[in-house]
Amino acid sequence: DWLYKRIYATMSILAKIAEIENEMARTQRNKATAHHLGLLKARLAKLRRELITPKGGSGGGTGEGFDVAKTGDARVGFVGFPSVGKSTLLSNLAGVYSEVAAYEFTTLTTVPGVIRYKGAKIQLLDLPGIIEGAKDGKGRGRQVIAVARTCNLILIVLDVLKPLVHKKLIEHELEGFGIRLNKQPPNIGFKKKDKGGINFTATCAQSELDGETVKSILAEYKIHNADITLRSDSTADDLIDVVEGNRVYIPCIYVLNKIDQISIEELDIIYKVPHCVPISAHHRWNFDDLLERVWDYLKLVRIYTKPKGQLPDYTSPVVLPDGRTAVEDFCLKIHKNLIKEFKYALVWGSSVKHNPQKVGKDHVLEDEDVIQLVKK
């Protein structure tokens, strides 16, 4: 009985989403309708959120084989339509064998593989066919997206013969799930209050949002008291992203597979597209370029350890994620009790003026620094 209710609820949400999308398509975009479109966008975002995390109850089981333990220093997710050669690419990169067959929709669970590159362990995940309608709860979409949100980098694998259609669809799917690719979080200050109404300030000229539109979007979320500061020219979508607050910003590389099927001239054009790497998974062409690009986008920082009176150990660095590279983070990465015994550290490398230099726990390390810890 609850299943019927659940199916009915999902159907009605989907119907509502379709209705709003139709209305948005029918509405002409201009100054007069901006307000109305902003409202529709907010409603749409709320409905989508309900689809991803259904209201009430913990729901049924989550389906088997889907939560993948996070191992290694970074996690890279492969997204792509069925049969663009994701599994081939993965098995050739990592020697992982995920079942491959020549028909659509073959990979049904995530198959993790780990590669070592420049001393870092990078976990590769094949995220099974995210297809049109995954964000509406179709296919295995929902679990796939939950895993995709935890990745440090997403590789969208496209077929070089029909790239643009696929690219648009996949981007649309991921956007619908609150994953923003190759974007920075919008520069909007948002603070809820208990009283005082909506306090709206813009530090620069706005082409889309005005006080009225902002108020109505916030009213849609039942927020009537808040401070909003727009520090850049923002859109209604940006404001909704900030209010929803569950968006993740992930760098992304487009991998164009099957380049053995096109001419050199076409290849030259592809090389000029930003965030793009052409490869051939089957022939293993251009893998080194792809890995190098992956490394650039992950922005990992390698720290080598040096025991007292010995040479630094260059074989197994401690790898820290970008933005969390202080000496304290380094200590926590090794063991959480280490920081209690920490007295100071000696650092060699590009982050210090003298080699070695005595630093405290707030010193920020850079790639390929060598560190020696001195305990109390």
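Tutor: Here is a short tour, topic by topic.

Student: What am I looking at, and how are residues numbered?

Tutor: This is a predicted model: local features need pLDDT of at least 70, side-chain atom pairs count only at pLDDT 80 or more, and totals for chains, interfaces and linings use all residues. Residues are numbered from 1 along each chain as its sequence is written, and side-chain values use heavy atoms, with hydrogens and water left out.

Student: Core first. Which residues of the largest nonpolar core touch the most other members?

Tutor: Val 76, Phe 78, Leu 89, Ile 154, Leu 155 and Ile 156, out of 52 residues. A nonpolar core here is a set of buried Ala, Val, Leu, Ile, Met, Phe, Trp, Tyr and Cys residues joined through side-chain atoms within 4.5 Å. Buried means under 20% relative accessible area, exposed over 50%, and partly exposed in between, with a 1.4 Å probe and protein chains only.

Student: Which helix gives the most to this core?

Tutor: Helix α9, residues 287-298, with seven residues. Helices (H or I, at least four residues) and strands (E, at least two) are DSSP runs, numbered from the N terminus.

Student: And what does Leu 89 touch?

Tutor: Phe 78, Val 157, Val 255, Ile 279, Ala 281, Phe 287 and Leu 290, leaving aside residues up to four places away in sequence. Contact means heavy atoms within 4.5 Å.

Student: Now strands. In what order do the three strands of the open sheet come?

Tutor: β6-β8-β7, with mixed pairing. Two strands pair if DSSP finds at least two bridges between them. β6 (188-192) and β7 (198-202) are at the edges with a single partner strand each, so one side of each has no neighbour in the sheet. On average, neighbouring strands of this sheet are turned by 5 degrees against each other, direction ignored.

Student: How many bridges join β7 to β8?

Tutor: Five, and the two strands run parallel; β8 covers residues 226-230. Asn 199 has Asp 227 in β8 as its bridge partner.

Student: Which strands does α6 lie across?

Tutor: Helix α6, residues 211-220, lies across β6, β7 and β8, at about 135 degrees to β7. Helix α7, residues 236-244, lies across β6 and β8, at about 40 degrees to β6. Axes are lines fitted to C-alpha atoms, for helices over the stretch in contact, and angles run from 0 to 180 degrees between N-to-C directions.

Student: Which residues of α6 are buried?

Tutor: Thr 213, Val 214, Ser 216, Ile 217, Leu 218 and Glu 220. Just after α6, Lys 222 has a positive phi of about 60 degrees.

Student: Switching to rings. How many aromatic pairs does a search of the whole structure find?

Tutor: One. Tyr 304 and Tyr 314 pair edge-to-face, 4.8 Å centre to centre with 75 degrees between the planes. Rings of Phe, Tyr and Trp (its six-membered ring) pair if their centres lie within 6.5 Å; planes under 30 degrees apart count as stacked, over 60 as edge-to-face and the rest as tilted.

Student: Where do Tyr 304 and Tyr 314 lie?

Tutor: Tyr 304 is in strand β12 (residues 301-305) and Tyr 314 in strand β13 (residues 313-320), so the pair ties together parts 10 residues apart in sequence. Tyr 304 is buried, at 7% relative accessible area. Tyr 314 counts as exposed, at 53%.

Student: What does β12 bridge to?

Tutor: Four bridges join β12 to β13, running antiparallel. Thr 305 has Asp 313 as its bridge partner in β13 and Ile 371 in β16.
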